[in-house]
Amino acid sequence: MINLIYEIKKIFINRQIIWNLAINQIKAKYRYPVLGIMWSMLTPLFLSVIFLIAFGIIMKIKTTEYPFLVYFLSGMFPWIYFSASVLEACNSVVQNNNLIKSVAFYRQNIPLSCILVNLINFFFNLPVLFIFILIFKIKISLYIILLPFVLMLHTLLIIGISLIVSSLQVRIRDTRYILELLVNAIFFLTPVFYPLNMIKEISSDFLKIYMFNPMASIITLYRITILGGYTKYLPAEISYFNLIFLPLIITFLLLYLGFFIFNKLEPSFADFI
Amino acid sequence: MPILYNDMYILELKNIEKKFILKDVDNPYFGSEIYALKDINIKVQPGQIIGLIGRNGSGKTTLLNIIAGITSPTSGEIKINGKVSCLISLGVGFQNELSGRENIYLNASLLGMSKSEIKNKFNEIVKFSELKSFLDLPLHSYSQGMKMRLAFSVAINVDFDILLIDEIISVGDISFQKKCFEKIESFKKEGKTMIVASQSMELIERLCDRVILLEKGELIKYSEPKEAIENYLAILAEKKFFELYPHISTIDKIKWWAKKEEWGTRLGSGGAQITNVEILNAQDKNTDTFNPGEAMKVKVDFIVKRRIREPHFGVAIFREDGVYCYGPNTSFDGYRFEEIKEGKGYFTITYKKLNLMPGDYRISVGIWDKLENYPFDYLPGFYKFQIIGNNDSNALLNLEYKWDSKNLDFLNEPLDLNKEIKKIVYNLNEYWGKQFGDNKIIRRIDLVDKKGLLRDSFSYNETLIVDVELEDKVYLEKPFFIWVGIFRDDGVYCHGAFRKLAEKEREIRIIYPHIKLLTGRYYISSVIFNEGMLILDCCHGIYHFEIYTHRKDHGTVYIEHKWKWGFDGKI
């Protein structure tokens, strides 16, 4: 049986190693490029320009009263954190086979450090968003004090999924490809570049099913906490249950499952890579 | 001083077993389980230094890995009272882009040291490594030796109750090695527990209180060093090895069958008599010269004089110097004849492709009884044939292989060194079991399977991949070449391949897609040489692998064949 509190304690004990692994990944990644860590801001910026042209200008998606760029980035940055973490973590255990094969340590550190790298990246992205919020003179919501809780929920979700896929990848090397497909599909089922009302216009029943995607509610929560007055654009069908408790339940289920699968497969990692 | 425990053992292994499942890729029904460790029971008292000896692939590293917690046993119980630290592989998590200082922190934290511990021991680590002036340079500017020194210094400064050491004390130059030994001796004086795997019997005898001897995953001895070492040396001496394990290799049998002195002497009880033997080519024409890879058919006519019970037919190919190439018989192939009555008969064997190298060969033909104890008629080495072509190096087999290399155009150019290769092969004999000289160029040779897993036993027809890794920091005058050869464990040169090396090439891979060798032990050797056929480095008789097959055929290589027969007096 998996005791979540015990597992989280273990993560806390191992925080130094996770931090070291993550920092060194970042250092190794950005030491030589001239622009260094700036790339972690530039990449999403260029990406958003592309999306701005594609969806904002060509397809003219109406994103409530907020400028497309702000609306888009407030969803895109959390999305990048999610997708990059999950995809990198998936490969991480297999990639770090030399670590697995030569030293006994808390193996969860490996996917967790990948997540931490992307979390740090996310922190570098957030100022970009706030600069745009200032430029477009958008009020910042009072709910912003709740941002850490949203971030925590988001991170726990990522940890759960990462633990599942990274340990499965050791046994089934197709996991990575299936995950890539899924992540791409879920991107379009998440209100990153279109408003939730667009889904409601299709059918309100569909919206209810749609909200079972925890990323949909988490990105909505991000918008509520960052963009002032966003709540009034929420479709009436969306309740607190949809927005908070549903992702909370799913996240803890996935987290539980993640630790369960990872702990089950971990002892034989060294035999399969 | 070690902490006192309730029970007096610091380490207890109970019925430890580790099983790997090997699957034949082409034939999924022919998978075999291999026990890396079988029924290991060991108790270690605090303060003891335990030696771990055994041949390559005997399970030493697996055992250390299990104690270290890197992998878990398939079954069994481990009790450890204390913290285990290991010097199994050095430089865990080293990153070339980071500085020496950063790598110390990363490496040490992976080995389980906390930040404050690292800070406390940092100066000691740096002092031990003698790398103070290089600390802030990125790791890729370090030489291989410096990296290992840094790694060793970190590893040795980790606190532990049990230290596992796996043949890595040969780090750095002589003065550094001396320092490492002193450190280990000082651990011994402090009363720490250590498990040391090594091939150096001298070291084991000097250092250890007790010694574990592993062979094929089984615990042969757990005793005083002297006794275990003697036992090990006996295992190494091939003859005694086969006495202990008659099932392991058929090569000793091969030697018996290949008694050259018997050639030309007809044996047999006379129950049946071979009247005529014909060697035919694919067009059914009588010939005694073949091209490499051609088909060959041997047709044997015989008369049965008295009815014979459960006979089987055999045809064997030998090389002119007595090396047994291949000897299948009808019983190995699963055919059974209850009884043959008086009358005439014939049998033929058709070899689809003679995968032997050019040279002179002999054929033995026989009709044997059920258990191969006595022949009804046996004509050893009576018939000759020749495979034409050049084979100056005297290799035995024409194995399928290819070099795995990325866009090296020059590989397509023919290299005419065939004649010269023999100089290398003949010069190798004196280096058996050793690496040539001080100038180490070949770092190691890995044998891996299709999936990239390191292996030292392969099943028949599996893919064998040989990775030769060269040292990074060695510069060779060009052009230079590499030769990779396979030897049978009695020193018969089976197969060799060579090619030019590209500049700065460090990892050379050769793939044998279907290794058709028969059961036994084989050695992989590799030589780096220059245009003048001067050996720069050689690794000969060090790396070995074993082939396991379900076939019982005698010989060295499997040659695809088909039997046919006909008698007038069959029951």
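Chain B exposes about 25900 Å², of which carbon and sulfur atoms supply 48%. The structure under discussion is a predicted model. In chain B, buried residues account for 53% of the 571 residues. The secondary structure of chain B comprises ten helices and 31 strands. Of the contacts in chain B that link residues at least 6 apart in sequence, 74% join residues at least 24 apart.

When residues up to four places away in sequence are set aside, A:Arg107 touches A:Ile100, A:Phe262, A:Glu266 and A:Phe269 in chain A, together with B:Gly69 and B:Ile70 in chain B.

The cysteines form the last topic. A disulfide is a covalent bond between the sulfur atoms of two cysteines. A search of the whole structure, over all chains, finds zero disulfides. Two cysteines may be considered individually. A:Cys90 has a relative accessible area of 0% and is therefore buried. B:Cys208, with a relative accessible area of 8%, also falls under the 20% limit and so is buried.

Definitions and conventions: Residues are numbered from 1 along each chain as its sequence is written. Chains are lettered from A and ligands numbered from 1 in the order in which they are written. This is a predicted model: local features need pLDDT of at least 70, side-chain atom pairs count only at pLDDT 80 or more; totals for chains, interfaces and linings use all residues. Side-chain values use heavy atoms; hydrogens and water are left out. Contact means heavy atoms within 4.5 Å. Helices (H or I, at least four residues) and strands (E, at least two) are DSSP runs, numbered from the N terminus. Buried means under 20% relative accessible area, exposed over 50%, partly exposed in between (1.4 Å probe, protein chains only). Accessible areas come from the Shrake-Rupley method with a 1.4 Å probe; for residues, only the protein chains shown count as cover. A disulfide is a pair of cysteine sulfur atoms within 2.5 Å.
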